[in-house]
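Biologist: Can you walk me through this one? I'm new to it.
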Amino acid sequence: MRNYGDQPSTEQIASLFLNGRRMAQSSFVVGPGGESAIRLAATVSQTGFYSGYIEIPDDMLPEDNRYHFAFYIPERFSVLMIDGDPAAAFVGLALAPSPEQNLFWSVKQVLPQETDEVKVDDYDLVMLAGMPTLSDGATAQIQSAVRRGKGLFLIYGSKTDPSYANRVW
């Protein structure tokens, strides 16, 4: 929350609404010209589309008192794991221990040199196990997917090149 005025705010309540229901509240106070971070959390029990908003009480500018959002929880999350470290096998097993138990995750593992041939947009999440060095084309494809809302999970490994990782990711 941010106070653009020159007077301190009194204690106020921020509310989180999800699909029309109030799910959480948190109180906050913001000094003149200051900011205050708040945490609002809720869980969902089903897959599908969700919409909601965060709302604060009316003030002198009611137009900025609601922040709207929407998201989708898929039936199964599809994960592309780019295998650049031996530990990737353990991460893959943690997500999908066996085909019979593969209820929530669909995991595809590829080697770094195979990444150019994969359509990254087909996956909800890209995991870079061991932070492998990728081609410029593969890097651009992943960065573009992340800008469009796809997830990226970076796992550092013993062979990670820190200068590459910091520069690219």
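Biologist: Is E55 buried, exposed or partly exposed?
Modeller: E55 is partly exposed, at a relative accessible area of 24%. Buried means under 20% relative accessible area, exposed over 50%, and partly exposed in between (1.4 Å probe, protein chains only). This is a predicted model, where local features need pLDDT of at least 70, side-chain atom pairs count only at pLDDT 80 or more, and totals for chains, interfaces and linings use all residues. Residues are numbered from 1 along each chain as its sequence is written, and side-chain values use heavy atoms, with hydrogens and water left out.
Biologist: Which residue forms a salt bridge with E55?
Modeller: R66 does, with the closest N and O atoms 2.7 Å apart. R66 is in strand β4 and E55 in strand β3, eleven residues apart. Strands are DSSP runs (E, at least two residues), helices likewise (H or I, at least four), numbered from the N terminus. A salt bridge here is a side-chain nitrogen of Lys or Arg within 4 Å of a carboxyl oxygen of Asp or Glu.
Biologist: How many salt bridges by that rule?
Modeller: Three. One of them joins R2 and E35, at 3.4 Å between the closest N and O atoms. R2 lies in the segment before β1 and E35 in the loop between β2 and β3, so the pair ties together parts 33 residues apart in sequence.
Biologist: And what does R148 pair with?
Modeller: D121, with the closest N and O atoms 2.4 Å apart.
Biologist: New topic. Is S26 buried or exposed?
Modeller: S26 is buried, with 18% relative accessible area. This residue lies in strand β2.
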